Amino acid sequence: MRIIGIIPARYASSRFPGKPLVDIGGKSMIQRVYEQVKSCSSLAEVVVATDDVRIEEHVRSFAGNVIMTSPTHQSGTDRCAEVINKVTGFDVAINIQGDEPFVNPLQIDLLCSLFTDQTTEIGTLVRRIEDSKDLFNENTPKVVFDKNNRALYFSRQTIPFFRGIEKENWFDQPRSFYKHIGIYGYRTKTLKEITQLPISDLEKTEALEQLRWLENGYHIRIAETTHDTIAVDHPEDLEAIKNRFFR
């Protein structure tokens, strides 16, 4: 089984333009992501997928692999699908967020391991929620899954909802809560299929693209990680990165 790691990287982010090229401790964010991903033993190849010549030239400057993709893609999943249509010989594609400069390679290995099961179409990671900051944050997608570790539903609201119990007591209940870690793996055949699907009602309602896949009958296999991620969504997030890794 040959697996490719793909790092989508856009320049024109509405919240943080030029984010992939921002300096973090002497290296750009995209270089840090690339080097973390390259150290993952499960991947046969790693490539940055971008729509901007500035990012392309920068990735080439540190001898990274890069493929130019269309500027019209609506998601990183669509950008990954274009890469898969341009390269051959891979069974699985891993979509790694380009704004997590210290993504743990063990998370990628864990995700890749889901595809040793030939029935796995799509895979992703979850982490147990341990504080109310994540539990009640609408910017933190949550997930519930069945006894076979297949996702049942993703939501920006807290799921499951404990009826008749005050929210401050929800952590005392026997069932755990899980946040979604936004890294995906897909069989390349499945990736090509799901990017041809029209946007679904649930996807529009929650603004979560994975609901389109569930709504169309695809299964998403879940693996639990103990590693958290730190994403750079806004310029102020750089301070948290510097305080954690460069003090």
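Is strand β4 mostly covered, or how many of its six residues are buried? Five of the six are buried, and β4 is thus described as mostly covered; buried means under 20% relative accessible area, exposed over 50%, and partly exposed in between, with a 1.4 Å probe and protein chains only.

The legends below describe a predicted model, in which local features need pLDDT of at least 70 and side-chain atom pairs count only at pLDDT 80 or more, while totals for chains, interfaces and linings use all residues. Residues are numbered from 1 along each chain as its sequence is written, and side-chain values use heavy atoms, with hydrogens and water left out.

**Figure 1. Strand β4 and its parallel partners.** Helices (H or I, at least four residues) and strands (E, at least two) are DSSP runs, numbered from the N terminus. Two strands pair if DSSP finds at least two bridges between them. β1 and β4 run parallel and are joined by six bridges; I4 has E45 as its bridge partner in β4. β4 also pairs in the parallel sense with strand β5 (residues 66–68), over three bridges. In β5, V66 is the bridge partner of V48. In a regular strand the side chains alternate between the two faces of the sheet.

**Figure 2. The largest nonpolar core.** A nonpolar core is a set of buried Ala, Val, Leu, Ile, Met, Phe, Trp, Tyr and Cys residues joined through side-chain atoms within 4.5 Å. The largest such core has 35 residues, and those with the most contacts inside it are I7, V37, L43, V48, I94, I96 and I108. Two or more residues each are given to this core by elements including β1 (3–9), α1 (29–38), β4 (45–50) and α4 (105–113). The largest share, five residues, comes from α1. I108 touches V37, C40, L43, I94, I96 and I183, not counting residues up to four places away in sequence; contact here means heavy atoms within 4.5 Å. A second, separate core of 30 residues includes I6, F90, A151 and L191.

Figure 3. A salt bridge is a side-chain nitrogen of Lys or Arg within 4 Å of a carboxyl oxygen of Asp or Glu. The side chain of R54 meets that of D52 in such a bridge, at 2.8 Å from N to O. R54 counts as partly exposed, at 41% relative accessibility, whereas D52 is buried, with a relative accessible area of 11%. The charged end of R54 also sits over the ring of Y11, 3.6 Å from its centre; a charge sits over a ring if NZ of Lys or CZ of Arg is within 6 Å of the ring centre and within 35 degrees of the ring normal.

Figure 4. A search of the whole structure finds 14 salt bridges. E56 and R60 meet through their side chains at 3.3 Å, N to O. Both lie in helix α2 (residues 53–61), four residues apart, about one turn of the helix. E56 is buried at 17%, and R60 is partly exposed at 48%. In helix α6 (residues 188–194), E193 and K189 are likewise placed four residues apart, about one turn of the helix. The closest N and O atoms of their salt bridge are 2.6 Å apart. E193 counts as partly exposed at 28% relative accessibility, and K189 is exposed, with a relative accessible area of 58%. Elsewhere, salt bridges that share partners join R127, D134, K179 and D228 into one network.

Figure 5. Rings of Phe, Tyr and Trp (its six-membered ring) pair if their centres lie within 6.5 Å; planes under 30 degrees apart count as stacked, over 60 as edge-to-face and the rest as tilted. The whole structure contains 11 aromatic pairs by this search. F161 and W170 form an edge-to-face pair, 5.1 Å centre to centre with 80° between the planes. F161 is exposed, with a relative accessible area of 57%, while W170 is buried at 1%. F171 and F177 are also edge-to-face, 6.0 Å centre to centre with 80° between the planes. F171 is partly exposed at 36%, and F177 is buried at 2%. Ring pairs link F136, F161, F162, W170, F171 and F177 into a cluster.

**Figure 6. P198 in a loop.** P198 is placed in the loop between α6 and α7 (201–206). P198 is exposed, with a relative accessible area of 59%. The C-alpha atoms of P198 and R212 are separated by 8.1 Å, the two residues being 14 residues apart along the chain.
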